[in-house]
Amino acid sequence: MSKRVLEILKSKFGADIYETHSQFGDDTAVVNPEKWREIARFLRDDSQCAMNMFVDLTAVDYLGRQTPRFEVVLHLRSLERGHRIRLKARIGDDDANGVEIDSVVPVWKGANWFERECFDMFGVNFKGHPDLRRILMYPEFVGYPLRKDYPADKTQPLVELRNVPDKLPPFGIDEGMPFGRQTHDYPRGEETN
Amino acid sequence: MEPLDRDLEEGLLELPSEPMMLNMGPSHPAMHGTVRIVLELSGEMIQKADVQIGYLHRGFEKMCERGTWTQIFPYVDRCNYVSPMLNNVGFALAVEKMLGVTVPERCQYYRVALGELARICDHMICSGAMCMELGAFTPFLYFARAREIIWDIFEEETGARVTHSFGRVGGMANPPTKYFKEMVRAGVPRVLQLISEGEKLLLKNRIFLDRLEGVGVMSKEDALALGWTGVVLRASGVPYDVRRAHPYMVYDRMEFDVPVGTTGDNYDRFMCRQEEIRQTARIIEQALDQMPDEGPINIEDPRIILPPKQDVYTTIEATIQHFKIVMEGIKVPAGECYSYTEAGNGELGFYLVSDGSGTPYRVRIRPPCFATTQGLEQLITGLMIPDVVPTFGSLNMIGGECDH
């Protein structure tokens with residue numbers, strides 16, 4: 001069903017659709033970040049696509065695995081036709097320069113908080129967003145917590161921790177997580193508290 | 001000192017027109033969760049509202065990138081702590097979609113039955129808390145009494161009352177207990193009876209109805225554009241239910257109606273929830289009737305399912321297998337997938353990225369009430385301060401889920 005949407009996209013935008021796949025049955029198109037909003041608007045307005053339901057917007061950090069480093073992922077659904085599509089755009093280099101993309105708030109206003117969250121967690125700058133500020137973290141927070149180079153055990157207390165001798169800080173390094181992917185598997189940005 | 005009878009210019013007599021800022025929350029007795037709303041008021045009318053969330057942010061997604069796939073179950077429990085079973089099942093289905101496995105039929109019915117019990121809990125507590133915030137404390141006690149019955153069933157089945165962590169990739173932690181069906185068949189009618197009694201206290205109450213009817217109206221188009229799903233979207237008149245539109249597990253064999261509202265106001269949202277509880281009870285009944293009494297609960301794949309405890313303690317092979325699954329985690333094929341289920345508040349999505357190792361590369365939860373809460377700003381602009389309370393209550397914002 002939604003394979004058709006991929007074909008429509010390919011015939012309409014041609015070279016701006018970098019690649020498509022349907023892994024696990026989820027139809028995906030990787031698109032040119034320059035055309036991000038244009039493609040989004042087309043998907044909403046075209047009668048054969050009619051993606052009028054905004055589902056989800058997020059990002060993934062592929063530090064050291066692929067360049068461009070970030071992938072902005074958008075999930076859409078059509079109410080009338082019942083099909084879904086995933087749209088991806090790759091942005092930013094390894095030092096997190098140029099992490100910006102057009103906002104899709106003018107297309108679906110539901111994207112507002114999702115883009116704010118994405119900005120908060122990954123530092124993706126959405127051009128044309130009406131109110132881009134942190135949403136889950138506090139305004140004084142430094143850094144972007146879901147980037148892979150942000151240490152998971154780093155603490156940034158809003159109120160300075162009391163310095164009481166013989167008392168441990170709230171969390172030790174890698175507390176309770178002796179296995180799995182560790183913080184020190186990633187290059188460390190700055191000194192942890 | 002100026003004389004009191006001085007001549008004043010006409011303009012000075014007018015009341016100051018500066019908007020007043022009012023801070024509601026983050027911890028406010030009449031609010032549904034830990035949320036701060038900064039209101040800009042003109043008199044008692046809300047001219048502008050800024051909803052600020054994040055007070056319950058615990059870094060769910062960052063934590064998930066560190067453990068194994070199985071270790072995520074306790075975390076998803078704590079996202080929506082009102083209906084943890086639905087989150088458990090949703091996450092298990094997402095990982096199973098990547099692994100390409102389907103759980104045995106008995107387990108599917110078991111998941112449906114437990115999940116729908118959790119949905120009754122979710123809707124009931126939302127309605128109850130909403131009444132309580134409006135000053136009607138008694139119905140909440142009726143609903144809490146009904147919730148107790150469901151929690152007793154959960155306690156018997158899973159060993160825990162609230163955060164069960166009962167789901168597993170490829171099955172459930174334990175098979176149903178011997179008297180599961182009897183317990184549920186005896187419990188659900190009592191729950192429905194208590195709900196009807198609680199409703200009787202509300203639905204003829206003029207004050208309650210006046211504060212609900214025609215307040216907080218959301219149009220169909222706006223609800224869609226805002227990414228609303230679940231009860232709040234259906235109350236606005238869009239019959240979208242994931243269980244009906246994209247049936248998963250055995251929902252395609254169930255007969256149930258999808259209640260739809262007409263105006264999309266608080267009253268519709270309340271009534272849709274109440275009706276959905278009754279439809280959910282129907283699903284539970286059918287699931288119990290169709291559920292086989294015998295048969296496996298877990299899939300038979302030694303790479304995914306832990307061996308029986310008996311073997312772990314007596315044979316070396318099972319010990320090694322147990323060790324490898326626990327320490328290295330289940331190997332999920334590399335790739336990405338988006339899986340969605342109907343949770344208490346709407347479409348609960350999991351976008352998973354795996355690099356082929358035992359640890360998830362990225363776990364993205366799409367919490368339904370994150371999208372719902374962002375519509376609050378639009379809903380309350382133009383209303384009065386007392387309308388904020390029922391409007392916010394009817395959206396059923398769950399802090400843990402909304403703030404990740």
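Guide: Let's start in chain B, where strand E6 (residues 335–342) runs antiparallel to E7(B), the two being joined by 8 bridges. Keep in mind that this is a predicted model.

Visitor: Which residue in E7(B) is the bridge partner of B:Cys337?

Guide: That's B:Leu352.

Visitor: And how many residues sit between E6(B) and E7(B) in the hairpin?

Guide: There are 4 residues between them, and B:Gly346 in the turn has a positive phi of about 145 degrees.

Visitor: What about E7(B) and strand E8, how do they pair?

Guide: Antiparallel again: E7(B) and E8 (residues 360–366) of chain B pair over 6 bridges. Here B:Leu352 has B:Val363 in E8(B) as its bridge partner. The hairpin of E7(B) and E8(B) has 5 residues between the strands, and B:Gly356 there takes a positive phi near 90 degrees.

Visitor: What actually holds paired strands to each other?

Guide: As a general point, strands of a sheet pair through backbone hydrogen bonds, and they can be parallel or antiparallel.

Visitor: Is strand E7 of chain B enclosed or open?

Guide: Largely enclosed by the rest of the structure, because 8 of its 8 residues (347–354) are buried.

Visitor: Which residues of E7(B) point which way?

Guide: B:Glu347, B:Gly349, B:Tyr351 and B:Val353 point one way, while B:Leu348, B:Phe350, B:Leu352 and B:Ser354 point the other way; all are buried. In general, side chains in a regular strand alternate between the two faces of the sheet.

Visitor: What does B:Leu117 touch?

Guide: Leaving out residues up to four places away in sequence, B:Leu117 touches B:Ile150, B:Ile153 and B:Ile284.

Visitor: OK, switching to chain A. In what order do the strands of the open sheet come?

Guide: The order is E1-E2-E5-E4-E3 (chain A), 5 strands with mixed pairing. Strand E1 (17–21) and E3 of chain A stand at the edges with a single partner strand each, so one side of each has no neighbour in the sheet. On average, neighbouring strands of this sheet are turned by 20 degrees against each other, ignoring direction.

Visitor: How do E3(A) and E4(A) pair?

Guide: In the antiparallel sense, over 8 bridges. One of the pairs is A:Val60 with A:Glu71 in E4(A). Helix H1 (residues 3–13) of chain A packs on the sheet, touching E1, strand E2 (28–31) and strand E5 (84–91) of chain A, with its direction at about 165 degrees to that of E1(A).

Visitor: How many residues does each chain bring to the contact?

Guide: Chain A brings 30 residues and chain B brings 36 residues. E3(A) gives the most on the side of chain A that touches chain B, with 6 residues. That side divides into 17 nonpolar, 8 polar and 5 charged residues.

Visitor: Last one: what are the model's scores?

Guide: ipTM 0.88 and pTM 0.88. Chain B has an average pLDDT of 88, and 96% of the residues score at least 70.

Technical notes:
Residues numbered from 1 in each chain as written. Chains lettered and ligands numbered in written order. Predicted model: local features only at pLDDT ≥ 70, side-chain atom pairs only at ≥ 80, totals over all residues. Contact = placed C-beta atoms within 7 Å. Nonpolar A, V, L, I, M, F, W, Y, C, P; charged D, E, K, R; others polar. pLDDT = per-residue confidence, 0-100. Pairing = 2+ DSSP bridges. Axes fitted to C-alpha atoms, helices over the stretch in contact; angles between N-to-C directions. Buried ≥ 20, exposed ≤ 12 C-beta atoms within 10 Å, placed from the backbone.
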